[in-house]
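Please open the model in a viewer and keep the selection panel at hand.

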Protein chains: 2
Amino acid sequence: MNLVINAMEQIMKDLLEEYKDRLQMNCMCDRCKIDVLALVLNKVQPRYVSNIEKIAYVKASFIDKQEMTSLIVKLAECAKIVSDNPLCEVMARKKEVDNHTLSDLS
Amino acid sequence: MNLVINAMEQIMKDLLEEYKDRLQMNCMCDRCKIDVLALVLNKVQPRYVSNIEKIAYVKASFIDKQEMTSLIVKLAECAKIVSDNPLCEVMARKKEVDNHTLSDLS
């Protein structure tokens, strides 16, 4: 059996790539990007299609500026949550180094 | 970048396989099954995870019988919609043959 695809996955990935520099995230490693995507995809209405070619139709339905803005707002909210609570190794190491520096100073 | 996965995809596929004989669908071709899946996945809350191993945790959260029953009810509703309005070639051919037989009779 072939697969069903949530068109929002592609749409959100594209939006994240487009807006990543403006989201002011502390970390932009793959792990953090994936966490943002998972979070935002749990917050937006899924749009499953039975054929990869139909993703374009769903994308077209977001040409309406208000709809698209609401997606970007949700993306920014999720980016802030992940940025404030990063789960990646990069940030875990950074925290370790910071703690070391602090204990050296004290 | 790795992929995010909606755990509900696997859960709904498994449920469809388990209950397919009891859903009384007119057609159970791959196309109809995919249509049921796409429809039901648009109606249930997505549960995206950043790691395929975490699907098991989401699945475990549905051990609660009432939650699982509500998923099966939604699956049955979507199966009825697709069964009443099949888009597959198998059913299109069947309809063509039926129309032929009808016009032969008249």
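The model is a predicted one.

**Stop 1: the interface**

The contact draws 25 residues from chain A and 24 residues from chain B. The size of an interface is often given as the accessible area lost when the parts come together. Here the area buried between chain B and chain A is about 2,100 Å², and carbon and sulfur atoms give 61% of that area.

Which helices of chain B each supply at least two residues to the side that touches chain A? They are helix H1 (7-19) and helix H2 (30-43) of chain B. Select H2(B) next: with nine residues, H2(B) gives the most to this side of chain B. By residue class, the side of chain B that touches chain A comprises ten nonpolar, nine charged and five polar residues.

Now turn to polar pairing across the interface. Eight residue pairs are in polar contact between chain B and chain A, with both residues at pLDDT 80 or more. The count of salt bridges between chain B and chain A, by contrast, is zero.

**Stop 2: the nonpolar core**

Select Met12(A) and Met12(B). These are the residues with the most contacts inside the largest nonpolar core, which has 65 residues. Centre the view on Met12(B) and set aside its neighbours within four places in sequence. The residues then in contact with Met12(B) are Leu37(B), Val40(B), Leu41(B), Val44(B), Leu71(B) and Leu75(B).

**Stop 3**

Select Gln24(A), in the loop between helix H1 (7-19) and helix H2 (30-43) of chain A. Most residues other than glycine have a negative phi, and most peptide bonds are trans. Gln24(A) has a positive phi, near 50 degrees. Is Gln24(A) buried or exposed? Its relative accessibility is 70%, so Gln24(A) counts as exposed.

Move to Gln24(B), which lies in the loop between H1 and H2 of chain B. The phi of Gln24(B) is also positive, near 50 degrees. Gln24(B) has a relative accessible area of 71% and is therefore exposed.

**Stop 4: salt bridges**

Side chains of opposite charge can pair when their charged atoms come close. Over all chains, the count comes to twelve salt bridges. Several of them are visited here.

- Select Lys80(A) and Asp84(A). Their side chains meet in a salt bridge at 2.5 Å, N to O. Both residues lie in helix H4 (residues 65-84) of chain A, four residues apart, about one turn of the helix. Asp84(A) is partly exposed, at 46% relative accessibility.
- Select Lys59(B) and Asp14(B). The closest N and O atoms of this salt bridge are 2.6 Å apart. The pair links distant parts of the chain, with Lys59(B) in helix H3 (residues 55-60) and Asp14(B) in helix H1 of chain B, 45 residues apart. Lys59(B) is partly exposed at 36% relative accessibility, and Asp14(B) is partly exposed with a relative accessible area of 28%.
- Select Glu17(B) and Lys33(B). Their closest N and O atoms are 3.3 Å apart in a salt bridge. This pair joins helix H1 to helix H2 of chain B, with Glu17(B) in H1 and Lys33(B) in H2, 16 residues apart. Glu17(B) is partly exposed at 36% relative accessibility, whereas Lys33(B) is buried, with a relative accessible area of 11%.
- Return to chain A and select Glu17(A), Lys20(A) and Lys33(A). A network of salt bridges links these residues.

**Stop 5: two distances**

Select Tyr19(B), found in helix H1 of chain B. Tyr19(B) has a relative accessible area of 19%; buried means under 20%, so this residue is buried. Draw a C-alpha to C-alpha distance from Tyr19(B) to Asp64(B): the two are 18 Å apart in space and 45 residues apart in sequence.

Finally, select Thr101(B), in helix H5 (residues 89-105) of chain B. Thr101(B) counts as partly exposed, at 40% relative accessibility. Thr101(B) and Lys80(B) are 21 residues apart in sequence, and their C-alpha to C-alpha distance is 26 Å.

Methods
Residues numbered from 1 in each chain as written. Chains lettered and ligands numbered in written order. Heavy atoms only, no water. Contact = heavy atoms within 4.5 Å. Buried area = accessible area lost by both parts, 1.4 Å probe. Salt bridge = Lys/Arg side-chain N within 4 Å of Asp/Glu carboxyl O. Polar contact = N/O pair within 3.5 Å; in protein donor to acceptor, adjacent residues only side chain to side chain. Nonpolar A, V, L, I, M, F, W, Y, C, P; charged D, E, K, R; others polar. Core = buried A, V, L, I, M, F, W, Y, C linked by side-chain atoms within 4.5 Å. Buried < 20%, exposed > 50% of the residue type's maximum accessible area, 1.4 Å probe, protein only.
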